[in-house]
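Biologist: Could you walk me through how the helices and rings pack here?

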Amino acid sequence: MAESLAVAVRRALEPDVPAIVRLWRAMWDYHTPLDPRFATTPLADTVMEGWILQNLESDRSAVWVAEAPGTAGLKGYVLAMILENPPVVPWPLYGYVSELSAPEGGRGVGTRLLEAAHAWFREKGLPYAEVNVSVRNPAARAFWRRRGYGEFLERLRVEL
């Protein structure tokens, strides 16, 4: 593991959106060679910009960014959301980590961002959090397992 990077985690602001989109793109481009089903359309960055802006304004989501003093640019971001369960379970709401990107992996940035999301989920009284992880990304699967995430449902796909 690389040496930890001293970062400050804060809520994202509108001026951060272009940098967040670049971090998202880095994450997505990392996944595409692992699984071509991660291919994007030419409008993907524009769509993501709108998605991030929408989530900055929502009371059901929060975006945090990580900065390292003395360095340029953001080191990562996380988008956390509050999602609804169907009314047949006793927990109406739960936390969902929609995206987490920390391209300089192994330096503690992803962990710090996830801690911010978990604290927000606890503040909102949510009983648990979920995340989707690519089965073809062993590094990401190991990251989430080290942080206590485990199997719940298996999501399957068929090409039609």
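Modeller: Here are a few questions and answers on packing and aromatic pairs. This is a predicted model, where local features need pLDDT of at least 70, side-chain atom pairs count only at pLDDT 80 or more, and totals for chains, interfaces and linings use all residues. Residues are numbered from 1 along each chain as its sequence is written, and side-chain values use heavy atoms, with hydrogens and water left out.

Biologist: At what angle do H1 and H2 pack?

Modeller: Helices here are DSSP runs (H or I, at least four residues) and strands are E runs of at least two, numbered from the N terminus. Axes are lines fitted to C-alpha atoms over the stretch in contact, and angles run from 0 to 180 degrees between N-to-C directions. H1 (residues 17–34) and H2 (residues 44–57) have axes 9 Å apart, and the packing angle is about 125°.

Biologist: Is Trp24 buried or exposed?

Modeller: The cut-offs are under 20% relative accessible area for buried, over 50% for exposed, and partly exposed in between (1.4 Å probe, protein chains only). Trp24 has a relative accessible area of 4%, so Trp24 is buried.

Biologist: And how are the rings of Trp91 and Tyr128 arranged?

Modeller: Rings of Phe, Tyr and Trp (its six-membered ring) pair if their centres lie within 6.5 Å; planes under 30 degrees apart are stacked, over 60 edge-to-face, the rest tilted. Trp91 sits in the loop between E3 (74–84) and E4 (93–101), and Tyr128 in the loop between H3 (109–123) and E5 (129–131). Their centres are 6.3 Å apart with planes at 90°, so the pair is edge-to-face.
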